[in-house]
Amino acid sequence: MSEPTPEILAAFEAAKGFMPVKEGLALYAAAAEAARLGLPLLEVGTYCGRSTILLADVARAAGTVAVTVDHHRGSEEQQPGWEYHDPSVVDPEVGLMDTLPTFRRTLRKAGLEEHVIAVVGRSPQVAAVWGGQLGFVFIDGGHTDEHATGDYEGWAPKVAPGGLLVIHDVFPNPEDGGQAPYRIYLRALESGDFEEVSVADSLRVLRRR
């Protein structure tokens with residue numbers, strides 16, 4: 001099982017974001033396994049780059065690239081008045097969230113800028129113009145059914161045979177969290193295209209058959 005260096009783990013922990021260390025380590029290990037295919041590693045939902053650090057470090061070691069897709073205006077639960085709102089990432093000029101500058105500083109501080117392609121846009125639109133296969137897709141974007149379904153339908157078909165689909169914030173119990181990621185996780189299993197490889201708290205790792 002691959003693990004990040006203490007320096008990369010420290011950069012991950014210092015970055016603004018929500019992923020716990022245990023899930024981060026599971027994400028890193030999954031990405032390292034998938035990177036053996038030699039294909040790009042893609043995540044949906046950049047926020048400020050916490051998980052991107054891990055994927056970029058794996059990509060650097062494997063000689064591939066991490067692609068991260070986000071509109072950088074924040075998901076529903078990050079808007080003013082909601083639980084995960086952070087006023088420090090609001091653009092004072094336009095009054096809207098803009099996590100892109102923070103993300104860029106995060107990558108620069110970790111020394112990983114050249115190993116990442118940051119795509120600023122909405123996930124379904126980006127998926128519609130993405131032509132190639134991916135060795136790894138990490139879905140961690142908006143948690144409404146509309147957004148989670150759009151991410152799944154847009155990106156799951158791009159996972160190469162033997163590649164990994166990773167879904168974050170999968171909560172079978174509605175009392176623990178939103179159900180949209182859980183529903184796309186079930187859909188992936190029921191499709192017959194994916195089999196479960198591992199579970200780490202709310203992180204599910206699936207392999208394309």
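The questions below go through helix packing, the sheet and a few backbone angles in this predicted model.

Q: How do the directions of helix α2 and helix α3 relate: roughly parallel or roughly antiparallel?
A: Two packed helices are described by the angle and the distance between their axes. Here the axes of α2 (residues 21-34) and α3 (residues 50-62) come within 9 Å and cross at roughly 30 degrees. Angles under 35 degrees count as roughly parallel. The two helices are therefore roughly parallel.

Q: Into which classes do the residues of the contact of α2 with α3 divide?
A: On the α2 side the contact is made by Gly-24, Leu-27, Tyr-28, Ala-31 and Ala-32, and on the α3 side by Ser-51, Leu-54, Leu-55, Asp-57 and Val-58. Gly counts as polar and Asp as charged. The division is seven nonpolar, two polar and one charged.

Q: Is α3 largely enclosed or exposed?
A: A residue is buried when its relative accessible area is under 20%. The buried residues of α3 include Ile-53, Leu-54, Leu-55 and Val-58. Since 10 of the 13 residues of α3 are buried, the helix is largely enclosed.

Q: Which strands are the edge strands of the sheet?
A: Seven strands form an open sheet with mixed pairing, in the order β5-β2-β1-β6-β7-β9-β8. An edge strand pairs on one side only. The edge strands are β5 (116-120) and β8 (194-200).

Q: Which residue of β2 stands opposite Leu-42?
A: Strands of a sheet pair through backbone hydrogen bonds, either parallel or antiparallel. Strands β1 (residues 41-44) and β2 (residues 66-70) run parallel and are joined by four bridges. Opposite Leu-42 stands Val-67.

Q: What angle does helix α7 make with β8?
A: Helix α7 covers residues 180-190. This helix lies across β6, β7, β8 and β9 (203-208). Its angle to β8 is about 140 degrees.

Q: Does Tyr-47 count as buried or exposed?
A: Tyr-47 lies in the loop between β1 and α3. Its phi is positive, near 50 degrees, although the residue is not glycine. The cut-off for buried is under 20% relative accessible area. At 10% relative accessibility, Tyr-47 is therefore buried.

Q: What is the relative accessible area of Asp-201?
A: Asp-201 is in the loop between β8 and β9. Asp-201 also has a positive phi in a residue other than glycine, near 55 degrees. Asp-201 is partly exposed, and its relative accessible area is 47%.

Conventions
Residues are numbered from 1 along each chain as its sequence is written. This is a predicted model: local features need pLDDT of at least 70, side-chain atom pairs count only at pLDDT 80 or more; totals for chains, interfaces and linings use all residues. Side-chain values use heavy atoms; hydrogens and water are left out. Axes are lines fitted to C-alpha atoms, for helices over the stretch in contact, and angles run from 0 to 180 degrees between N-to-C directions. Angles under 35 degrees count as roughly parallel, over 145 as roughly antiparallel, 65 to 115 as roughly perpendicular and the rest as oblique. Contact means heavy atoms within 4.5 Å. Two strands pair if DSSP finds at least two bridges between them. Buried means under 20% relative accessible area, exposed over 50%, partly exposed in between (1.4 Å probe, protein chains only).
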